[in-house]
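The exercises below ask you to read a structure residue by residue and then chain by chain. Work through each task before turning to its solution.

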Amino acid sequence: MLKYDIDSEIEPLTAPMVAAHGLTKLFSGGGADLRAVSDVSFELEPGIFAAITGPSGSGKSTLLHLLGGIEKPSSGEIDVAGTAVHALGESALAKFRLMQVGFIFQAFHLIPNLTIFNNVAMPGLLAGVASAALRDRVLRLLETVGIRDKADRLPHELSGGQQQRAAIARALVNDPQVILADEPTGNLDSAAGDAVLQLLGELNDRGKTLLMVTHDARIAGWAGKQLRMRDGRLVTTAET
Amino acid sequence: MRRRRARAYLTFGVASIRQRWWEAAVQVGVALLAMAVVGAGLVTASSVPASYAATKLRLNGPDLWVGTQSAAAPALYAEVARLSQVSATTPMYMVQSGVVRAGGKELPAAISPLPETPPLVGSLTVAGGAWPAPDANVALLERGAAQTMGVGPGSDATVVGGAGSVGLRISAEVRDISHASYPLSTPAVVYVTRSVWQALGGDAAATTARFGARIRDLSQLRATALAIRDLAPAGVPIAINDGALVVEGLQPLVLALEGFLVLFGLFGLVACLFFIVGTTRADLIRHARTLGILRATGWSLRQVRWLLMLQRGAPVLAGVLLGAVAAVALAGWMTDQVVQLMGLSAALDTAPLVLAGTGAVILLAALAAVRLATRGFGRTSPGATLAAGYRQPPSRLAGSLEVGRGGIGPRLGSSLLLGRPGRTSTAVAVLLLGLVTVIFSVITEATLSSFGSEPSTWGYAYDWRVDYVKGLAPADAQHALDGTAGIAASLPVYDVNATIDGNRTDARFVTPAQDLLRFHLLTGRTIASDSEVLIGAGLAASTGLAPGRSVLLQVGSAPTTVLIAGVYRELDNLGQVLVGRDSLLLGLQPKATPAYFVVRLQRGADAAGVRSRLEQSVAGQFVVSPVRDLIAVPLGNVFQAVLLILGFGLAVVAGMVMFAMTMILADEHTFVIGILKAIGARRRQLAASLAWAAGLLIVPAVVLAVPAGILLTAALIAALSQVVGGVDVVLPVAALAIAIPIALLAPILGFAIPARAALAASPLEAIGMER
C-alpha cells in the first residue's frame, strides 16, 4: 500500500530564493563580543520585495551584509538563489557577489575616479562580458534608471538621487536574481527617495527578489513583507 | 585665549604625529639630511680660509714668503729685515735638493735645517713628537710625504743631501703652512736637526733658500713685495708669494666639494617638499571629518592651516636643528681633511648666520609647501566636509577607462592613477627624483674613482719619475737609462724658476714626446714652435693669462717673448706651472741641466728587476718614484667619503619618501578596493590592477629617470670639469643595473604593503577606511 506523503503535497513549487537558518554574527573587540545578529532564521520566496526594519543598532544592515556575502557568519546557514553562501571560500564569495546579488549602498559607493558609464560597467568588466554587449547593456540600464545623459559624468557631478540611480544600474548589470539595498533612500530627499523606491518597485515587478533595509516605516510600506529586528533578533515577520 | 589656542594646536599636532609617526620621521630625516649637507658645504667653504687665518695667527706666521738662490739669500734676508714695512722675519731656511728613503720607498726631497727652538715667527707645527734637540740624529717629515711613504715617528730613514748621506730616525711629522702637502707640492719637505744638516754638507750644499716676513700694514702687502723684489741683485731669481696661496690653490676643489653638498642638499629639500605636499593633501582627505568637525566647532580656515603647518613644521624644525648639529660635525671632519693638505689645523667657522639662514629657508619652504597643498581647501562648506569629507574632484583623465580596450587590470590600474593626477604626478616626481639621485651618486662615484687614478688623466704616459743626486752627471744618468734593459724610453725634464708676465712660476721644459707626456688641453692648442708655451690651469686661474696672449718669459736673466698656446691640466704645484720645449730653455740657458727624467718601461717588463738594475748601474744615485705615487687626487678621499655618505643617505631618504608617497597613494585606493570587492571583484583581479597601477607609476619614472639622471650628471660633471679640468664621465652600466632595482625596492614595498593589507581586508572594513 502506498503511503500518502503529506509533506510532498504541501511543498512549495519553488525553493526559497533567500533563506537563513540559525544565523549568528559576533563582532569581537574591546574585550567583549557584540552579538550583532543572533539566531536569525527566515525564508523568502522568489520575486518578493521584503524590508528588514528595526531601530538603529538592531543588526539589520549586518544581516543584509551576511546575506550578500560581504560579511561571513559566525554560525548558521545562508542560502541565496540556491547557493550555500556560508560555505563559500573567498574567491567563490566574490563570484557570488558579482553574479548572483546586486548591492545598493546608502552612501552609493560609486568609484569617484570613474565615469557613471564605467561605474555601471564595472561588474560586467569584472565578469568578462563582451565589450559590445556590455556597452549596450549599460546604456540600456542607464536609460531605464533615467540617467542616460549622465553616462560621461563623474559621480560628484551628479545629485544624490542620480548617484543612487547609477548605483541601482550597477547592481543590475550582471542581471542578478537578488537585489540587496541598504537604506537606499537614506541620503536622499523625499522626492528623490520616492523615485528610487519607484524604480526598485519596478524591478520587483520584473521578477527580481528585493531585500531592503530601512528604519523608516513609510518606506517599509513599499515592501510586501517586513522582517522586524531588535537587538540582533528577528522579532516578527509580517506581510504588508 | 591665545594660550588655550596654542594648547589646542599642540593637542591635535601631537595626536597627528603619534598616529602617523613614520611620516614625521621621514620629514625629520629628510630635513636633517638637507640641512646637514647644505650647512656642511657652506660651513666648510668658509672654514678653510678661517683655518688658514687661525693657524697663521697661532704660529705668528709670515705674510710673505721669499725664495731665492742660497748664495744670495743671507744678504737679501738681512736687507728685508731692515725694511721699515717689515715687522719681523722667520728664520732663513736653506734648502738642499736630495732624497729621503724610508719604509722601502724614496722620494725627492727639499731638505732644510730645523731651527733650534720654535721660532717667534713660524710656519711649522710638530705633530706626534717633541721639537728635537739640535744634536739629535733625527729628521721631521712633512705629513703628506710620511703618509705616501707609510712611515711615522720612530721609523728609520736615510736622507741623502747635497754632499752626503745620513741614516737617522724620523722623530715626528711636521706641518708646514708655507707648502701644500706632498704630492700637491713636490719635492717632499724634510727638516733635519742642525747636526744632521752639517753632516749633509751644511749651507754650502744648499741650492736655494727661503724665509718669511711679517708686514706692518697689510694694505701695503703688494708694495712691500715689490720693494723686496727690487732688493734682489740683477740676475738673481727671486720668488715672492702670499702664504695664503696654498689655500687659494685648493679653493676650486673646496668650491667643487661645496657645490656637491649644496646640490645634494637641494635634492633632499625638493624631496622633502614633495613629501610635505603629498602627505598634506592626503591628510585633507584622510582626516576630512576631523577637519570638518574643527571647522563646524569654530576653527577658522586660517587656524586649520596653522594646525597643518604645525604638524609639518615641527618635524622639519626638529630635523633642521639636528641637521645643524650634523652640519657642524660633518664640516669639522671635511675641513680637517682639506686643511691637512695645507699643513693647517682645522678651525671651524661655525657661521651661525649661515646655518640659521639655511635652516630658515628649509623651514619656510616646508611651510610654503603646506600652504600650496591646502590651496583650494575650504571651498567646501564645513557641513559638506562633515557629511562627505573633503574631496578634490577627480580628473577627467579617469574617463579613459572604456569598454573594449585592454584587460581589466591595466584599465582599472590606469584609471585609479589618472583619477588623481596630482597625487600620481607627485609620486612619479618623487620616484624620479630618488632615482636621479641614485643614478647621480653611482655615476659620480664611478667617475671620481676613475678620475685621477690613472696616470693618463694627468697626461702622464710614463711609469717612473727618476731623480738623480747632485754627484751624478746628467749625461751619465741618461746613459744609464738608455743602457738598462726593460726601459722603453726616457726623457729629461728641465725644471726651473721663471717669471711669466711678472708672475713667478715653476717652468718645465721638455722635448715633445707623446709616448711619455700627453698634455690634457683645457683650452687652446699644443705647442707648435719654440716660442710657444702651455700654462697649467692653476697659473691661468691665478694670473688671468689665456691662450693667444704674447707675454714676457724670463728664465734667470734671459728674457724672451712667448705665445701662450694653451692651458692644460696639471696636478703638480696646483697647476702653477708652465711648459715649453727644452730647445727654448737651452737657447736661453745652454748649460741648463735636467731636474729629473721620466721613464716608460717596456710592456711586460719586470718593474722591480728593471729598477734594481738601474739603481745598481749608478750605485744608487737614482730616486725612482712610480708615477702612481705622484697622482693621489687632492681631496679624493673626502670626495669619495662624501659621495658614499650622500649616495647612501640620499638613496635611503629617497627610498623613505618614495615608500611614503606610494603608501599614501595605495592607502587612498583602499576605499575603491573595498567597493570593488563589495560588487564582486576577485582578489586576483584587484591585485592585477594594483600591479598595473604600480607599474604605471614606476615605469615612466624609470624611463624618465635613467636619461635624465645620466644627462644631469654629465652636465654637472662637465661643470666640475671646468673647475678641475677634463673629468670624463664614466657610465658604470653594471652598477646602475644593480642600483636602480635596489632603489625601486622601497617604492614597490610602499605600494605593496598597504595594497596587500587592503586586499586582505573585508570589503566593509575597506570602505570604512574612508574617513
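**Exercise 1.** Does A:Arg148 count as buried, partly exposed or exposed, and why?

*Solution.* The model is predicted, so local features need pLDDT of at least 70 and side-chain atom pairs count only at pLDDT 80 or more, whereas totals for chains, interfaces and linings use all residues. Residues are numbered from 1 along each chain as its sequence is written, chains are lettered from A and ligands numbered from 1 in the order in which they are written, and side-chain values use heavy atoms, with hydrogens and water left out.

Step 1: buried means under 20% relative accessible area and exposed over 50%, with partly exposed in between (1.4 Å probe, protein chains only). Step 2: A:Arg148 has a relative accessibility of 36%, and therefore counts as partly exposed. Step 4: beyond its neighbours within four places in sequence, A:Arg148 is in contact (heavy atoms within 4.5 Å) with A:Leu139, A:Leu142 and A:Glu143.

**Exercise 2.** Describe how chain A and chain B meet.

*Solution.* Step 1: the contact draws 32 residues from chain A and 30 residues from chain B. Step 2: the two chains bury about 2,900 Å² between them, with 67% of it on carbon and sulfur atoms; buried area is the accessible area (1.4 Å probe) that two parts lose on being put together, summed over both. Step 3: A:Asn113, A:Leu125 and A:Leu126 supply 23% of the area that chain A buries against chain B, more than any other three residues. Step 4: a search for salt bridges (a side-chain nitrogen of Lys or Arg within 4 Å of a carboxyl oxygen of Asp or Glu) across this interface finds 0.

**Exercise 3.** Which residues touch the most other members of the largest nonpolar core, and where does this core lie?

*Solution.* Step 1: a nonpolar core is a set of buried Ala, Val, Leu, Ile, Met, Phe, Trp, Tyr and Cys residues joined through side-chain atoms within 4.5 Å. Step 2: the largest one has 93 residues, of which A:Ile168, A:Leu200 and B:Leu676 touch the most other members. Step 3: helix 13 (residues 421–450) of chain B gives the most to this core, with 12 residues. Step 4: domain 1 (1–60 + 247–392) and domain 3 (395–451 + 633–771) of chain B both give residues to this core, so it lies between them; the bounds come from an automatic or database domain assignment.

Methods:
Helices (H or I, at least four residues) and strands (E, at least two) are DSSP runs, numbered from the N terminus.
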